[in-house]
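Hi everyone, thanks for coming. Please bring the structure up on your screens, and I'll walk you through a few spots I liked.

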Amino acid sequence: MQKQMTLDRFLRWTTIMFIVGFVIFMINFLSKVLIPFFVAWALAYLNYPIVKFIQYKLRVKNRPVAILLTLLLIILFISLFMLSIIPPMVEEVTKLSEYVNTFIKAHTHSDNVTIYIQEWLRDNRSEIERFFHENDMTAAAKAVMPQLWSVVTHTYRAFIVMGIALLTLLYTFFILLDYEYLTENWTKIFPKHLRPFWNNVGKDVEHAMNSYIRGQSLVALSMGILFIIGFLIIDFPMAIGLGILIGLMDLVPYLHTFALIPTAFLALMKAADTGDNFFLIFGSAIAVFCIVQVIIDMVITPKIMGKAMGLNPAILLLSLSIWGALLGFIGLIIALPMTTLLMAYYKRYITREDEGEKGNSEPPSDNDGKTGE
C-alpha cells in the first residue's frame, strides 16, 4: 500500500534532493581539485588485486613495499608500451624532415637549406632593417611577446601536469595503504540507523563498477583489434601500435576520437613517403574510424555493455552526454555505473518494482527509529 505523502515526508525528500544537487554542484566546482583524487581512487581500485597478489601470494608481507612494487610494475608496463610507440614516431618525424629538405631543394634550386636562408636574408635585408629601426617598436613587441608568453605558459603547464601526476601517485599510495579500512569503515560517517542502507549502496556501487570495468575492457579490446585489422587492410603506418593506442584510449568512452590527431600525422607521413594523395590516405583512415565506430555502437557495445550494465544503447549515449556535461572528464568515467545505480534505486524506492529486494537494502521508513523520539 502506497504511503500517504505528508509534510514531513515532503520536507525529507526535498532536503535529500537539495543535498544531492549541492553535492553535484560542489563536485563540478571543485572538479580540478578532485580529479587527482578520483583518478587515484580508480587506480587503487584497479591495482588492489595486484597488491594483494604480491603481498599474500608472493609473501611480500610489508604493504608499502608491495604497493611500490605494484606501481613499479605499472610504470614498467607503460614505459614498454611507450617504447613500442615512440621509436617508430621518431623515425616518421625524421622522414618528414628529409621530405621537407627535399621539397625545399626542389623548389629553391639549392642543395643547402642554410645557404638558401642566407640568400633570403641578404635579399630582404632592407625590409628587415626597416622593421627593427621603426619608431613604433610597440608593434614589434606586441608581435613577439605573445610567443614568449606562450613558451612561459607551456612550461608552467608542464610543471603543473608533473605536480598533478605526482600528487595522484601519492593519493594512490596512501589509499592502497589502508584500502581495507577505508572500504569497510567509510559508512561510519553516517548515523548508525542509516549505515545498513549506505553499506548496501557501497556494495551496489562495487557491483556496478565491476560490471562496468569488465564490460568496457572487453569493448576497448574489441575496438583495438578491429582498428588493427582495418589499418592493416588499408596498409596504414604503425597499424598495430595505433590500434593498441586507440583501444587503451577507449577505456574512457569516446576518448579514442583524439587519436585522429596522430592518424592525420601518420597519413601525412605516408603521403610524403609514397607520393600518394594525402586526402585519399586520410579519408581511408577516417572510413576505418567510421566503420569500426558503427560496429562498436551497433553490435559490440549493446551486446557487452547492455548485458553487463542492463542499459539500452540510447540510454548509454544519453548518460555519457549528461554526466559529461555535468562533471566533465569525471562524468565520462562514472556515467555508466552511476546511471545504472540511479535506475536501480529508482525502481526499488520510487516505482517499487523490486518489492522482493526490501530487507536491509531499503532505507528506514518514517516510522522507524521511534525509540529515539
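Let's start with two phenylalanines: Phe 227 and Phe 289 are both buried, where buried means under 20% relative accessible area, exposed over 50% and partly exposed in between, with a 1.4 Å probe and protein chains only. A quick word on what you are looking at: this is a predicted model, in which local features need pLDDT of at least 70 and side-chain atom pairs count only at pLDDT 80 or more, while totals for chains, interfaces and linings use all residues. Residues are numbered from 1 along each chain as its sequence is written, and side-chain values use heavy atoms, with hydrogens and water left out.

Back to the rings. The structure holds 12 aromatic pairs; rings of Phe, Tyr and Trp (its six-membered ring) pair if their centres lie within 6.5 Å, and planes under 30 degrees apart count as stacked, over 60 as edge-to-face and the rest as tilted. Phe 227 and Phe 289 make an edge-to-face pair, 4.8 Å centre to centre with 65° between the planes. Phe 227 sits in helix 8 (residues 195–233) and Phe 289 in helix 11 (residues 278–309), so this pair ties together parts that are 62 residues apart in sequence. Helices here are DSSP runs (H or I, at least four residues), numbered from the N terminus.

Now compare Phe 278 and Phe 282. They are both in helix 11, four residues apart, about one turn of the helix. Phe 278 is partly exposed at 24% relative accessibility, and Phe 282 is partly exposed at 21%. Elsewhere, Phe 37, Trp 41, Tyr 48, Tyr 171 and Tyr 179 form one aromatic cluster.

Is Lys 270 buried or exposed? With 15% relative accessibility, Lys 270 counts as buried, and its place is in helix 10 (residues 260–274). Leaving out residues up to four places away in sequence, Lys 270 touches, among others, Ile 234, Asp 235 and Phe 236, with contact meaning heavy atoms within 4.5 Å. From Lys 270 to Phe 236 is 7.8 Å, C-alpha to C-alpha, across 34 residues of sequence. A polar atom of the Lys 270 side chain lies 3.4 Å from the backbone oxygen of Ile 234.

One of those neighbours deserves a second look. Asp 235 has a positive phi of about 55° although it is not a glycine. Asp 235 is in the loop between helix 8 and helix 9 (239–249), and at 56% relative accessibility it counts as exposed. Happy to take questions!

Technical notes:
Helices (H or I, at least four residues) and strands (E, at least two) are DSSP runs, numbered from the N terminus. A polar contact is a pair of N or O atoms within 3.5 Å; within protein, one must be able to donate a hydrogen and the other to accept it, and residues adjacent in sequence count only if both atoms are side-chain atoms.
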